[in-house]
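Subject: Handing over the model

Hi,

Here is the structure I promised to pass on to you. Please have it open while you read, as my notes go through it piece by piece.

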Amino acid sequence: MALIMTAVQQGAVVANHVEVTSLDKDGAGGKIQGARVRDALTGQEWNVRAKGVVNATGPFSDALLTMDNPNHTPIVQPSSGTHITLPNYYSPRTMGLLDPATSDGRVIFFLPWQGNTIAGTTDTPAEVTATPLPQEEEIRWILEEVRRYLSPDIKVRRGDVLSAWSGLRPLVRNPNAASTEGLVRNHMIHVSDSGLLTIAGGKWTTYRAMAEETVDKAIEVFGLKDRVKRGCVTEQLRLVGSDGWSRNMFIGLVQRVCILCLCSGVYVNAHGGYSTASRRKLQSTSPRTTVIARGRYARSLSPLARRGHYTVS
């Protein structure tokens, strides 16, 4: 959401939860000049005209490439990566661990995060889906690997898993490469005969570099050089919410709104500068002390809320 809001702040027109149903091509050269799109929430459809179309759809890249060329050979080989959250005693507060030499060659890591520990990850071939779910066998594999790094007297239990989630890595094969070449482990940019510009592969940690390369290529392919007024600014551009953030911001929430200290740190790290605006809203909506809590924290506060001491949301 911060990326979307930052794009709007910079002048972009954004439509979230929208999917492409068809690509619009000119009759003569077969060049793409727009798309037909549908709002997945309302079903409303409309046409979008454009000098160029960028396919940046991650594991869904092949769907758009096939829409462009029915004879397209799939280039994406999605891989499922599952992570779990464990209690904080599974890792030191200021130190993480990564080992690429696990029992089957996959990488395992422990990282302190928001007062708990994140452990992962798996690397399993998967089907493309909008809602990937962690599989039980993947959770148990992580737990088995975790057990190898801890003292024998520590019991690693399935019940210690506080949460689990899974995502799809869009590993890709360059369509311009020979069939004997392996997967691209970072990212690749491809321009089809129709002018569809595809950026595929990569990961979150390199998304800004990917975006910069893609925009540079779009300027070249779509003939936009005469409209460029300056170079890429992503290296200095902060996301919406980062202005005004500091490590001590959560203290203001604790002191002014009486949010639980544990919850306020998570809240500030998630919303950054918007925490200040949220604080003012909380103060104006209720004269009582407001506590933002989830899960077991919310349950433990419920008796107090019933007696009118707190508002639990």
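Let me begin with one side chain: Arg 169 is partly exposed, with a relative accessible area of 28% (buried is under 20%, exposed is over 50%, partly exposed lies in between; 1.4 Å probe, protein chains only).

Before I go on, a word on the ground rules. This is a predicted model, in which local features need pLDDT of at least 70 and side-chain atom pairs count only at pLDDT 80 or more, while totals for chains, interfaces and linings use all residues. Residues are numbered from 1 along each chain as its sequence is written, and side-chain values use heavy atoms, with hydrogens and water left out.

**Salt bridges**

What does Arg 169 meet in a salt bridge? The partner is Asp 123, with N to O at 3.7 Å (a salt bridge is a side-chain nitrogen of Lys or Arg within 4 Å of a carboxyl oxygen of Asp or Glu). This pair ties together distant parts of the chain: Asp 123 sits in the loop between strand E8 (116-120) and strand E9 (124-125), and Arg 169 sits in strand E10 (residues 163-172), 46 residues apart. Strands (E, at least two residues) and helices (H or I, at least four) are DSSP runs, numbered from the N terminus. Asp 123 is partly exposed too, at 37% relative accessibility.

By this rule the model has 11 salt bridges. Some of them join up: Glu 19, Arg 36, Arg 38 and Glu 45 form a linked network. As for accessibility, Glu 45 is partly exposed at 34%, Arg 36 is partly exposed at 28% and Arg 38 is partly exposed at 30%.

**The E1-E2-E3 sheet**

Three strands make an open, antiparallel sheet in the order E1-E2-E3. Strand E1 (18-25) and strand E3 (45-49) are at the edges with a single partner strand each, so one side of each has no neighbour in the sheet. On average, neighbouring strands here are turned by 25° against each other, direction ignored. Strand E2 (residues 32-39) is joined to E3 by 5 bridges (two strands pair if DSSP finds at least two bridges between them).

The loop between E1 and E2 holds Asp 26, which is partly exposed at 26% relative accessibility. A polar atom of the Asp 26 side chain lies 3.0 Å from the backbone nitrogen of Gly 29. Leaving aside residues up to four places away in sequence, Asp 26 touches Lys 31 and Gln 33. In space, Asp 26 and Ser 194 are 9.7 Å apart, C-alpha to C-alpha, although 168 residues separate them in sequence.

**Strand E5 and its partners**

Is strand E5 (residues 76-86) enclosed or open? Of its 11 residues, 10 are buried, so E5 is largely enclosed by the rest of the structure. E5 runs antiparallel to E10, with 10 bridges between them, and Pro 78 has Pro 170 as its bridge partner in E10. E5 is also joined to E9 by 2 bridges, again antiparallel, with Ser 79 opposite Pro 125. With E8 the pairing is antiparallel over 4 bridges, and Leu 86 has Thr 117 as its partner there.

**The E4-E12-E11 sheet**

Another open sheet has 3 strands in the order E4-E12-E11, with mixed pairing. Strand E4 (54-55) and strand E11 (187-191) stand at its edges; each has a single partner strand, so one side of each is left without a neighbour. E11 and strand E12 (residues 197-201) run antiparallel and share 5 bridges, and His 190 is partnered by Thr 198 in E12. Helix H4 (residues 207-221) packs on this sheet and touches E4, E11 and E12, its direction making about 15° with that of E11.

Note on methods: Contact = heavy atoms within 4.5 Å. Axes fitted to C-alpha atoms, helices over the stretch in contact; angles between N-to-C directions. Polar contact = N/O pair within 3.5 Å; in protein donor to acceptor, adjacent residues only side chain to side chain.
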